[in-house]
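This briefing is meant to be read beside the sequence and the coordinates.

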Amino acid sequence: MITITDLYHVLTAVVPLYVAMILAYGSVKWWKIFTPDQCSGINRFVALFAVPLLSFHFISTNNPYAMNYRFIAADTLQKLIVLGVLAIWSRTSSRGSLEWSITLFSLSTLPNTLVMGIPLLKGMYGDFSGSLMVQIVVLQCIIWYTLMLFLFEYRGARMLIAEQFPDTAGSIISFRVDSDILSLDGKEPLQTEAEVGEDGKLHVTVRKSTSSRSEIFSRRSHGPNSGVSLTPRPSNLTNAEIYSLQSSRNPTPRGSSFNHTDFYSMVNGKNATNVSPRQSNYGNLGFDEESGYGNQSRANGAYGNAGYPAPASAGIFSPVAGPAAAKKKANGSEGGKDLHMFVWSSSASPVSEGGIHVFRGGDYGNELNVGAHPKDYDDFGRDEFSFGNKTCPNGTEREGPVLSKLGSSSTAELHPKATVDAKPTAMPPTSVMTRLILIMVWRKLIRNPNTYSSLFGLTWSLVSFKWHVEMPAIIAKSISILSDAGLGMAMFSLGLFMALQPRIIACGKSVAAFSMAVRFLTGPAVMAAASIAVGLRGVLLHIAIVQAALPQGIVPFVFAKEYNVHPDILSTGVIFGMLVALPITLVYYILLGL
C-alpha cells in the first residue's frame with residue numbers, strides 16, 4: 001500500500017528537476033535573462049560535458065557482474081516485439097512506411113531513462129531500482145541508439161539511390177563515400193559519380209556537390225571573423241536555393257553526375273569506362289533571381305539538361321520558394337537558427353528551424369530567432385515549401401503532394417490525403433547497402449561523446465568490480481564536479497528548449513494525442529506483457545512498467561530532427577511528455593501499489 005510518506009519521497013526526488021526546467025523556461029520566456037546565443041552555449045556545455053560525464057558516472061559505478069538478466073531480457077523483448085510488429089505493418093499495410101515505423105518505435109520503447117528515470121525510480125522503489133535503470137541506459141546507448149542510427153542512414157541511402165539511380169540501382173556493386181561526408185541525412189547537397197566496370201556493373205562515388213565545396217572553401221578562406229556574411233544564394237539547381245552553413249534550415253537537392261542514357265550506351269557496347277562528372281538531368285539550369293525559376297526551364301518546360309525528363313523522385317529535396325521567400329532569407333528577416341542539445345557530432349548539417357540543433361561541431365553560431373510571430377512560423381511551414389499542388393508565378397500548377405516543413409520528408413501527416421503510385425526502385429545487393437550504412441553509422445558514432453562515455457564507463461566498471469580497483473581520487477573528483485551538475489543542467493537545457501519553441505504542441509492535437517497514447521499506454525502495455533513472459537513478478541514487474549511510462553527520450557528527437565523524420569511529433573513527445581510525466585507515472589505507481 002502506498003503511503004503519504006512514499007509519495008513525499010517520490011516528489012522529493014522529482015520536483016527539483018521540474019524546478020530547474022521551470023526556471024530555465026522563465027528565464028527566456030518571461031524574464032528575458034538569456035539570449036538565444038547564451039542558450040546555445042549552455043546547451044553545448046550540456047551536450048559535450050554534463051550529460052556524457054553523468055552517463056560515465058552512473059555506468060562506471062554500477063556493478064556489471066550483478067546485472068539482472070531477466071529484467072534486461074524483458075526490456076529487450078519489448079523492443080523486439082515492437083520492431084517485429086512495425087516491420088510486418090510496414091510491409092503489409094498501405095499506410096505502413098519506414099518513417100512511421102522509426103517514429104513509433106521511438107515513441108513506444110525509448111524513454112528518458114537517464115535524466116528522469118534514475119531519480120524517479122530511486123524515489124519510488126529505492127536505490128536498487130537506480131541500478132536497473134543504469135543497465136537500461138547502457139543498452140540504450142550501445143545497442144538501441146545505434147540501431148536507430150542504422151535505420152535513419154538506411155532511409156537516407158534508399159532516398160539517395162532512388163533519386164540518383166531510379167532505373168539502374170540494381171547494377172551497383174560498390175560505394176565509396178568521401179571522408180568529408182558524415183551522413184546521408186539529406187541536409188548536405190551530394191553528388192554521385194558512377195564508373196562502369198568490365199562486368200557492366202556500377203561503382204559509385206558519393207561526394208559533396210560542387211556548390212557545397214565552394215561554400216566550405218569560401219568559409220575557410222575568409223575565416224570566421226573576416227566579416228564575410230554567408231547569405232542565401234541562388235544555386236545551379238532548378239527552383240531551389242542553397243543556404244549558407246550558418247543559416248540553412250532545409251534539405252537541399254543532391255546533384256548527380258550520373259546520366260542513365262550514358263550508362264545504357266556504355267553497357268550496350270561503348271568502350272568508355274567512366275562517366276564524366278556533371279550534374280543530374282534536373283540540375284545545371286540558369287537561375288532568374290526575379291522569377292525564381294531557371295532560364296532554360298522556360299524553353300525546355302519540365303525537362304532538364306539535354307531535354308531529359310526529370311525522374312519522378314527528383315523533387316523530393318527540391319523546395320519551391322517564391323521570390324518573396326528568397327528575399328526574406330537574403331536579408332535575414334527569417335534567419336532562425338537552431339539550438340544544440342544533448343548530442344554532439346561534427347556534421348555540418350544544419351536542421352530546420354525552431355528546435356534543437358543536432359550533430360554539429362563547427363565553430364559557427366547557433367542563434368534562434370525567438371521573436372518570430374507564430375503566424376509567420378505557421379505560414380512559413382505551410383506555404384514556403386511545396387513539392388507540388390502549388391501555383392507557380394507563371395500560373396502553372398505543380399503536381400504532387402504538398403509537404404509541411406515540419407513533417408517528414410516523405411510523410412506529412414498521420415493519414416495522408418493522397419498517395420502517389422510509383423514503381424519501387426530496385427536496391428543494390430544487401431551486402432553493398434549494409435557496408436554503405438555501416439560506414440556512415442561508424443562516422444556518426446566516433447564523433448559522439450556519449451559513445452565514448454558509455455564504452456569507457458562500461459570498461460572501467462568491468463575492471464574495477466573484477467579486481468576491486470578504485471579510481472584515483474584526483475580523477476574521480478574531476479569527473480564528479482561536472483557529472484553532479486549533469487541532471488540539473490540537463491533539465492535546465494530542456495526548459496530552454498521549451499521556451500524557444502513557437503508552440504508546445506507542434507504536430508497538432510490529434511497527432512499529439514495519438515503519440516501520447518503510444519508513449520504512455522502502448523509502451524507500458526507491451527513492457528508488461530514482455531515482463532510477464534520472461535517471469536518478472538512483484539517489484540521488478542512494477543519497475544519495468546513504470547520506467548516504460550517515462551516521458552520521451554531526448555536522443556530519438558535529436559535523430560528525428562537531424563534526419564527530418566517527424567521532428568514535430570518527437571518534439572511534442574519531449575515537451576508535452578515532460579509536463580504530464582509526473583502525474584502519469586504517479587498514477588502508475590499508485591495503481592501498481594494497490
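**A buried loop residue and its surroundings**

Asparagine 112 is buried, with a relative accessible area of 4%, in a model that is predicted. This asparagine belongs to the loop that runs between α4 and α5 (113–125). Leaving out residues up to four places away in sequence, asparagine 112 touches Gly117, Leu550, Pro551, Gln552, Gly553, Ile554 and Met578.

**Helix α18 and what follows**

- One of the residues touched by asparagine 112, Ile554, is also listed among the buried residues of α18, the helix that covers residues 554–563.
- Ten of the ten residues of α18 are buried, so this helix is largely enclosed by the rest of the structure.
- The buried set of α18 consists of Ile554, Val555, Pro556, Phe557, Val558, Phe559, Ala560, Lys561, Glu562 and Tyr563, and it therefore includes Lys561 and Glu562, since the cut-off for buried is under 20% relative accessible area.
- Just after α18, asparagine 564 takes a positive phi of about 55 degrees.
- Histidine 566, found in the loop between α18 and α19 (567–593), has a positive phi of about 50 degrees although it is not a glycine.

**Two histidines with positive phi**

- Histidine 468, in the loop between α13 (449–467) and α14 (473–483), has a positive phi of about 55 degrees, although this residue is not a glycine.
- Are these histidines buried or exposed? Histidine 468 is exposed, with a relative accessible area of 70%, whereas histidine 566 is buried, with a relative accessible area of 2%.

- Serine 108 is found in helix α4 and, at 5% relative accessibility, counts as buried.
- Not counting residues up to four places away in sequence, serine 108 touches Gln78, Val82, Val518, Arg519 and Gly523; of these, Gln78 and Val82 are also named among the α3 residues that meet α4.
- The C-alpha atoms of serine 108 and alanine 517 are 9.1 Å apart in space, while the two residues are 409 residues apart in sequence.
- How do the axes of α3 and α4 cross? The axes of helix α3 (residues 69–92) and helix α4 (residues 98–109) come within 10 Å and cross at roughly 155 degrees.
- That angle makes α3 roughly antiparallel to α4, because angles over 145 degrees count as roughly antiparallel.
- In handedness, the crossing in which α3 passes α4 is right-handed.
- On the α3 side the contact is made by Gln78, Lys79, Val82, Leu83, Leu86, Trp89 and Ser90, and on the α4 side by Trp100, Ser101, Leu104, Phe105, Ser108 and Thr109.
- Sorted by class, the contact of α3 with α4 has seven nonpolar, five polar and one charged residues.

**The pair α2 and α15**

- Helix α2 (residues 36–60) packs with helix α15 (residues 486–499) at an angle of about 145 degrees, and their axes are 9 Å apart.
- The crossing in which α2 passes α15 is left-handed.
- From α2, the contact is made by Cys39, Ile42, Asn43, Phe45, Val46, Ala50, Val51 and Leu54, and from α15 by Gly486, Leu487, Met489, Ala490, Phe492, Ser493 and Leu496.
- The residues of the contact of α2 with α15 divide into twelve nonpolar, three polar and no charged.

- Leucine 7 has its place in helix α1 (residues 4–29) and is partly exposed, with a relative accessible area of 23%.
- Apart from its neighbours within four places in sequence, leucine 7 is in contact with Ile2, Leu586, Tyr589 and Ile590.
- The C-alpha atoms of leucine 7 and tyrosine 589 are separated by 9.3 Å, although the two residues are 582 residues apart along the chain.

**The chain as a whole**

- There are 19 helices and seven strands in the chain, and of its 594 residues 53% count as buried.
- Among contacts in the chain with a separation of 6 or more, residues 24 or more positions apart account for 76%.
- The chain exposes about 25,400 Å², of which carbon and sulfur atoms supply 61%.

Terms used
Residues numbered from 1 in each chain as written. Predicted model: local features only at pLDDT ≥ 70, side-chain atom pairs only at ≥ 80, totals over all residues. Heavy atoms only, no water. Axes fitted to C-alpha atoms, helices over the stretch in contact; angles between N-to-C directions. Helix = DSSP H or I, 4+ residues; strand = E, 2+ residues; numbered from the N terminus. Parallel < 35°, antiparallel > 145°, perpendicular 65-115°, else oblique. Left-handed = near helix turned anticlockwise from the far one by under 90°. Contact = heavy atoms within 4.5 Å. Nonpolar A, V, L, I, M, F, W, Y, C, P; charged D, E, K, R; others polar. Buried < 20%, exposed > 50% of the residue type's maximum accessible area, 1.4 Å probe, protein only. Areas by Shrake-Rupley, 256 points an atom, 1.4 Å probe, with all protein chains shown as cover.
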